[in-house]
Amino acid sequence: MITSYIRVLWHAIFDPGFVGQQPGRKSGSEGTWQRPGPWQTPRMVRPSPPLESFYDQDFFVCDAQGKPIWCSECQIWKPDRARHSKEFGRCIRRFDHYCPWVGGIVAERNFKFFIQFCTYAALFSLVSLLVVAYFLSRKVEYRWERTVHLSVTAGLAVFFMFLAGGTGLSGWLLAAMNLTTLDNIHQKTNVWQVAVSTEMAKRSEGCAFPTVTAPKDCNRVFAILKSPAGCNPFDAGLMENLRQVLGRHWWHWVLPLRNSPLCYSDTGNSDKPHPGFACIEEIKEAAGLGSMAPETRSACDRLRRRQRRFPQLLAGAGAPLKTVKVRSAGG
Ligand SMILES: [Zn+2]
């Protein structure tokens with residue numbers, strides 16, 4: 001529990017998942033929390049992905065012209081789901097939320113440790129409660145001070161068990177759905193605009209959707225499409241979603257030692273999507289770009305049923321902490 005807490009705190013303060021900035025960025029865009037000097041090593045600040053790298057993927061979140069989202073403060077193309085944080089004056093990969101209990105930002109590099117810490121803290125509180133309950137239930141006459149101490153400890157244990165348990169559970173659910181807390185706020189109505197790689201879209205005349213060509217390869221053509229409301233294009237299926245956040249082996253899920261696999265994505269795009277799966281296939285079919293195979297369709301139906309059930313589950317777990325002062329994906 002202590003290791004996971006230290007890792008959450010360390011990354012929240014020094015390294016939540018910074019995206020590198022261009023040298024020519026606007027002056028005055030330094031954040032109040034920006035920590036220059038020896039703390040920020042080049043390893044911590046992974047460079048922003050170059051424009052061409054977005055067009056090497058099967059799809060990416062784009063603007064109306066089919067370009068990735070531009071951050072005017074950092075002067076970079078934002079990786080999918082990166083958000084600009086005013087506090088740090090930088091874009092942060094897979095920004096999840098600002099956590100007042102940790103006192104910092106939970107994002108790509110510490111989301112896994114955050115979930116682990118909440119889980120361990122809830123278990124620790126449960127064990128503490130059981131121990132205190134055992135002593136209180138014994139037929140022994142304690143001095144009144146001791147009874148007060150035990151009762152206060154029991155009260156604190158109950159409080160932290162529900163707080164950490166609820167937050168941890170909602171973290172697990174978000175990881176299982178491949179959502180961030182920010183995405184989840186508008187999940188029911190959220191419509192994603194995505195550039196989807198397709199050969200067929202090359203015949204742009206007569207198409208019902210706009211297209212865009214990759215800057216360095218005119219054979220790579222992307223259709224600019226919108227997802228149905230409530231559809232999450234990053235959802236790659238329950239187990240794959242959890243592996244993306246927690247790791248490929250069971251001990252990665254339990255021990256707060258290795259970073260999340262999201263941090264090692266080679267394109268620099270932490271939300272590299274699962275190719276040709278569910279939501280994107282659904283969007284392509286709706287646009288008249290081919291039809292889904294029967295197994296993809298049933299996988300898609302399962303996914304959408306889970307996506308519809310999810311908000312009730314999350315509400316049951318207690319909403320995760322509120323978020324502050326970040327730009328939307330479009331800004
Ligand atoms: Zn930025």
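Predicted model: local features only at pLDDT ≥ 70, side-chain atom pairs only at ≥ 80, totals over all residues.

User: How do I check the length of H1, and what should its 13 residues span?

Analyst: Compare the expected span with the distance between the end C-alpha atoms. At 1.5 Å a residue, H1 should span 18 Å, and its end C-alpha atoms are 18 Å apart, so the two agree.

User: Which residues of H1 are buried?

Analyst: Here we count neighbours: a residue is buried if 20 or more other C-beta atoms lie within 10 Å of its own. In H1 these are Ser4, Arg7, Val8, His11 and Ala12. Looking down the axis of H1, they fall within an arc of 125°, so they line one face of the helix.

User: What covers the buried residues of H1?

Analyst: The cover includes strand E7 (104-106) and H3. The axes of H1 (residues 2-14) and H3 (residues 111-137) come within 8 Å and cross at roughly 140°, and the crossing is left-handed. Ser4, Tyr5, Arg7, Val8 and His11 of H1 meet Phe113, Phe114, Gln116, Phe117 and Tyr120 of H3. Sorted by class, this contact has six nonpolar, three polar and one charged residues.

User: Now the loop residue: where is Phe88 found?

Analyst: Phe88 sits in the loop between strand E4 (83-85) and strand E5 (90-92).

User: How far is the C-alpha atom of Phe88 from that of Phe18?

Analyst: They are separated by 8.9 Å, although Phe88 and Phe18 are 70 residues apart along the chain.

Conventions. Residues numbered from 1 in each chain as written. Helix = DSSP H or I, 4+ residues; strand = E, 2+ residues; numbered from the N terminus. Axes fitted to C-alpha atoms, helices over the stretch in contact; angles between N-to-C directions. Left-handed = near helix turned anticlockwise from the far one by under 90°. Contact = placed C-beta atoms within 7 Å. Nonpolar A, V, L, I, M, F, W, Y, C, P; charged D, E, K, R; others polar. Expected span 1.5 Å × (residues − 1). Buried ≥ 20, exposed ≤ 12 C-beta atoms within 10 Å, placed from the backbone. Arc of directions from axis to C-beta.
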